[in-house]
Amino acid sequence: MSIEIRSASKSYHGAAVLNNFSLSLPSTGTVCLFGPSGCGKTTILNCIAGLESLDSGRIIGTENLKISYLFQEDRLLPWNTALKNIEAVLPRKNSRALAAEWLRLVGLEAAADKYPCQLSGGMRRRVAIARALAYGGDLLLLDEPFQRLDAGSKDRMMELIEKKTEGKLKILVTHDKKAADHLSDIIYHFDGKMIKILDNINSERQHYT
Ligand SMILES: Nc1ncnc2c1ncn2[C@@H]1O[C@H](COP(=O)(O)OP(=O)(O)OP(=O)(O)O)[C@@H](O)[C@H]1O
């Protein structure tokens, strides 16, 4: 699997967010999109996921791909417990036991029967991370995955994501420099155009100012 964005353009109400933008993604590893608020990072993820369509251009390689998307907002189902939020993305067989195991992995086994409104922001984020990982996509879209997490939880979640998604392609959107440096094989600075600022996949580091 390799994904290519070709000459993508997208505007909202006449204001261009993506302007004839192209990017080739590797088949595995973590690619980070780093950039100022409002520059279009989430828009790129939404277009890759097929939730938004481009005005012109194409995204190639995402057809028939199973995608796990950790949205910037947790998007948990408020009428379901933490356990049932995760069960919802699992095949029926053994879903309860598997969901319980995912909750254990994010340190929330004691919160299985709690509803999202009964959880802290950081706990809700960990349920959302568990759900995205449990779904088991071939491609993972991670939009600010560690927001609202304390330092210890963030380190554990970074480790869990690395361990459970080995060999898969991850696209990470973050303002968190530590997470970007720790997880990424490639880092792009996006501000209208992409500038590659780190490339560990090809074992070369390029810094642009
Ligand atoms: N559905 C929409 N309707 C109108 N404008 C939108 C919509 N989605 C995004 N935008 C606009 O497109 C621009 C890019 O938004 P986007 O969410 O992609 O930025 P971002 O780089 O992810 O920002 P942040 O880092 O703050 O999450 C912003 O100006 C935003 O207001």
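This is a short tour of the structure, stop by stop, with what to select at each one.

Before you click, note that you are looking at a predicted model, where local features need pLDDT of at least 70, side-chain atom pairs count only at pLDDT 80 or more, and totals for chains, interfaces and linings use all residues. Residues are numbered from 1 along each chain as its sequence is written.

**Stop 1**

Select residues 4-12 and then 15-24. These are strands β1 and β2, which run antiparallel and are joined by 6 bridges. Strands here are DSSP runs of E with at least two residues, helices are runs of H or I with at least four, and both are numbered from the N terminus. Two strands count as paired if DSSP finds at least two bridges between them.

Now pick histidine 13, in the loop between β1 and β2. Its phi is near 50°, a positive value in a residue other than glycine. Most residues other than glycine have a negative phi. Is histidine 13 buried or exposed? Histidine 13 counts as exposed because it has 4 C-beta neighbours inside 10 Å. The cut-offs, with C-beta atoms placed from the backbone, are 20 or more other C-beta atoms within 10 Å for buried, 12 or fewer for exposed, and partly exposed in between.

**Stop 2: another positive phi**

Jump to asparagine 64, in the loop between β4 (56-60) and β5 (67-70). Phi of asparagine 64 is near 60°, again a positive value in a residue other than glycine. Asparagine 64 has 7 C-beta neighbours inside 10 Å, so it counts as exposed.

**Stop 3: around the ligand**

Select Tyr12, Val17, Ser37, Gly38, Cys39, Gly40, Lys41, Thr42, Thr43 and Gln72: these are the residues around the ligand. To be listed, a residue needs its C-beta atom, placed from the backbone, within 6 Å of the molecule. Helix α1 (residues 41-49) gives the largest share of this shell, 3 residues. By class, the shell has 3 nonpolar, 6 polar and 1 charged. In this scheme Ala, Val, Leu, Ile, Met, Phe, Trp, Tyr, Cys and Pro are nonpolar, Asp, Glu, Lys and Arg are charged, and the others, Gly among them, are polar.

**Stop 4: two domains**

Colour 1-66 + 138-209 as domain 1 and 78-136 as domain 2; these bounds come from an automatic or database domain assignment. Their C-alpha centres lie 25 Å apart. The contact takes 12 residues from domain 1 and 10 residues from domain 2, where contact means C-beta atoms, placed from the backbone, within 7 Å. On the domain 1 side, helix α5 (residues 151-164) supplies the largest share, 6 residues.

**Stop 5**

Which residues touch the most other members of the largest nonpolar core? Among its 52 residues, they are Leu103 and Ala130. A nonpolar core is a set of buried Ala, Val, Leu, Ile, Met, Phe, Trp, Tyr and Cys residues joined through C-beta atoms within 7 Å. Helix α4 (residues 121-135) gives the largest share of this core, 8 residues. The core draws at least three residues from each of domain 1 and domain 2.

Finish on arginine 131, in helix α4. Arginine 131 counts as buried because it has 26 C-beta neighbours inside 10 Å. Leaving out residues up to four places away in sequence, arginine 131 touches Asn85, Ile86 and Val89.

How values were computed. Two residues are in contact if their C-beta atoms, placed from the backbone, lie within 7 Å.
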